[in-house]
Each structure stands twice: as C-alpha cells, then as structure tokens.
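Student: Could we go through this structure together? I would like to start with the terms and then move to the details.

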Amino acid sequence: MGNRGMEDLIPLINKLQDAFSSIGQSCNLDLPQIAVVGGQSAGKSSVLENFVGRDFLPRGSGIVTRRPLILQLVNCKAEYAEFLHCKGRKFVDFDEVRMEIEAETDRLTGSNKGISPIPINLRVYSPNVLNLTLIDLPGMTKVAVGDQPQDIEHQIRDMLLQFITKESCLILAVTPANTDLANSDALKIAKEVDPQGLRTIGVITKLDLMDEGTDARDILENKLLPLRRGYIGVVNRSQKDIDGKKDIRAALAAERKFFLSHPAYRHIAERMGTPHLQKTLNQQLTNHIRDTLPGLRSKLQSQMLSLEKEVEEYKNYRPDDPTRKTKALLQMVQQFGVDFEKCIEGSGDQVDTSNLSGGAKINRIFHERFPFELVKMEFDEKELRKEISYAIKNIHGVRQVQPACQKTISSPHFCSSPSVSCPFYIIYIFLSFHL
C-alpha cells in the first residue's frame, strides 16, 4: 500500500505530533501535514469517514467540528481507535468514538458552539486504511448562531490560517460541486496562502447533486482553476443514506459505479473516487515528508544542541552566583530595550484601543502641540541670528563653514543645498515658518 519503501515516514511524524501535543507546544517545528478546509456542509466529514469506513464524526447543524481533529490512520489487522488524552483505552465501538469527540470538545469550549485551537488527537487502526494523517478543521461560516460570538467567522479564519500558512502544510480544499467554484470558501482561503496552487489538493464533492445537464468535467480535468496537484472528485452518502445507516462499503461501490457510468467522467474514472483520493494523499504526504525531513532534522538538531547547552549551564546553578545575577539583569535590560523600541515603532504584540501611547503619542506632540508652543515663544530675532551664527561656526571647529550655512545665516528663508552637518538649519527654518 502506498510507497512501500518509505511507509515508516508517516508513523514517524505521528510520533512527533503526539510528543508535541503531550507537552502542549510544537517546539517551533512545522511538521509536514495535510489540513482539511472547507465551508460548512461541504462534505469534509463524509470524506474522512469514507477513508475509515466507519461513522465516527459528530454531525448536526451549524458548526460541528469546533476543535482541530488530528486524525492518524494506521494500517493494521485489528480495528480500533485511541485518543491521546485517553491513553491505554481502546475504542472498538465507533459510536463511542463520536461521543468522546463531542465530550472532549465540550470540555474546553462548552456547549455554546464556541471554538478552540487546541487539537484532539485520534488514531484509528484498521485494515481498510492507508497510513495517513489529516487535520480536520472547523468549517468556515459567516453567521453566528446560538451563543456564538459575533466574530466567529474571523475566529475560524484565524484558526485555519495558523495551520495552512505553514509551508510544510498541504491543503485539502473540499468544495461541493453544486456551488460556483469561483465562490469556494476553501479555494479562496487556500489561494491567499498558496497563490501558485503548489500545496493545494482540490476535492470536489456532491457531483451527483449537480443540476441535470451540467457537470464538473473542466474542473476535474484541471482546466478551470488549475492546481499543481489537481482535483479529485468523490461521491459521498446523502443525508438520507446516513440517517438510514447505509453501509460505507456499499456507498463506495455506488461511487465507483457512478464514475464508470457517467458520460462526463467515465474517461477519468480511474482518477476519481475515495480509494484513489486516499492513495493519492498517502503518496503525496509521504513524498512531502521526504522532501521536508532534511530541513526538519537540521532544525531539530539545532534546537537540541541549544537545549543541551542550556541544561549544562543549570547543572552547576547557584542562586547567589553574582555572574548569573548580572547576566539576568543584562537580559532584562536588553528585553526592556526591545520592548521600548517596539512601543515607539508601534510594532508590539498589544495595541491600546483606548488612548494614544508610545510613538503615536510622541508623534502627536511634535506635530500638533510643538508648533503652537513655538509660536508662544518671545525672542529678539537679531540676537537669535547671532546665536545661530556662532553655533554653526562652533560645531565646525577648525573646518571652514560651508557656503550653504553662510547663506542660511544671511537669508534664512532660502538655501539651495543645506548642509546635513548643520542641525540648527532645520530648527531655524521651522521657527521662520511659525513666527
């Protein structure tokens, strides 16, 4: 199945994914992965369930997937599921898997349809799957329902971007065929982060629900909105089939029959359908891991050396060591300088929305208050010219005063080439305009 020679790559990344999830961070390493994006009711859940051959994902109206689900499929003779947060417990009944996903989601988000970026790790062992890891993300929505915050659309969008902006992430963009492809939420957000379509894999669902006389042939042949990795069409079970507990194996057989018998798709039937999609994703993820692994290994080794060096320092740690206190103080001063500079430039992490602060406040003082304060000043212009003249000569020392500065003294309103070494030139001109 898949790439035999490299079939251990995906389980290796799975172990890293579990390790990072267990400690609650990613160690600044972008693991190669496939993120599934699409609008609500685009058919994402059905695609994933077809991969597994079991009904195990929550269903309903509104936002059902409210936390990222890291789904790790492992080819194995036995069939069961495990959650990272329930170590040691094997789920044989997939209805219990669904209930556990719902319970774990509600544990963090409550039952008010809120969302959370903290993922749920689910590993499914089955003889019917290929080694594959996907991240099922919440479906994009535009309207808040129930007790959801009004900015739920932006929250979901921000969550999706956390995953798909990474160069190591392949994007599985799921779009229903009975909507205009140009208005696809999945393809739209994918194009923002992958404008060349190099990391995006298109999946077209609900081909059997298109209006009579229409088809998605141009899309599936990659002619309409081309993607480097192309499009694959699938036919999922309808809601009636799901409610009637139609067997997924029977649904896959019906899907195969649909492509072989449809006049617009029969010539590409071998490149369509859920089994082909699963095999393609397995191959592409394996190749993607192979391509990104050298850089990942190098970055991991660099971080390990840095951590080992830091650990070595703490072996002989003494709280009263004066050199350590000096180092800590220096680091605090340096960090203060960085934070202060960010505050002046307006590039800090936090933005005050109630008052002007930092550089914006300084900017207002210089451009609004300072000119009015200058106008209030009273001085003798003749004496001021004399003081500026001496100041210009003094800052040049033994060097000859440049002609531009001489001209400034005699005619302060005109100077064709002001000297950059004369800071009083700018001040004098400023005074001239405001007096």
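Tutor: Buried means under 20% relative accessible area, exposed means over 50%, and partly exposed lies in between, with a 1.4 Å probe and protein chains only. Helices (H or I, at least four residues) and strands (E, at least two) are DSSP runs numbered from the N terminus. This is a predicted model, in which local features need pLDDT of at least 70 and side-chain atom pairs count only at pLDDT 80 or more, while totals for chains, interfaces and linings use all residues. Residues are numbered from 1 along each chain as its sequence is written, and side-chain values use heavy atoms, with hydrogens and water left out.

Student: Is S7 mostly covered or mostly open?

Tutor: S7 is mostly covered, as six of its six residues are buried.

Student: How do S6 and S7 run, parallel or antiparallel?

Tutor: They run parallel and are joined by six bridges. Two strands count as paired if DSSP finds at least two bridges between them. Threonine 200 in S7 is the bridge partner of isoleucine 171.

Student: How does S3 pair with S4?

Tutor: S3 and S4 (residues 120–126) pair in the antiparallel sense over four bridges. Tyrosine 80 stands opposite tyrosine 125 in S4.

Student: Changing topic, at what angle do H2 and H9 pack?

Tutor: Helix H2 (residues 44–52) and helix H9 (residues 274–315) pack at about 85 degrees, with axes 10 Å apart. Axes are lines fitted to C-alpha atoms, for helices over the stretch in contact, and angles run from 0 to 180 degrees between N-to-C directions. H2 and H9 are therefore roughly perpendicular to each other, a label for angles of 65 to 115 degrees; under 35 counts as roughly parallel, over 145 as roughly antiparallel and the rest as oblique.

Student: Which residues make that contact?

Tutor: Val47, Asn50 and Phe51 of H2 meet Thr274, Leu277, Gln278 and Leu281 of H9. Contact means heavy atoms within 4.5 Å.

Student: What is the phi of lysine 206?

Tutor: Phi of lysine 206 is near 55 degrees, a positive value in a residue other than glycine. Lysine 206 is in the loop between S7 and helix H6 (217–220), and is partly exposed at a relative accessible area of 24%.

Student: And where is asparagine 222?

Tutor: Asparagine 222 is in the loop between H6 and S8. Its phi is near 65 degrees, again positive in a residue other than glycine.

Student: Finally, how many helices and strands are in the chain?

Tutor: The chain has 14 helices and eight strands. Of its 435 residues, 40% count as buried.
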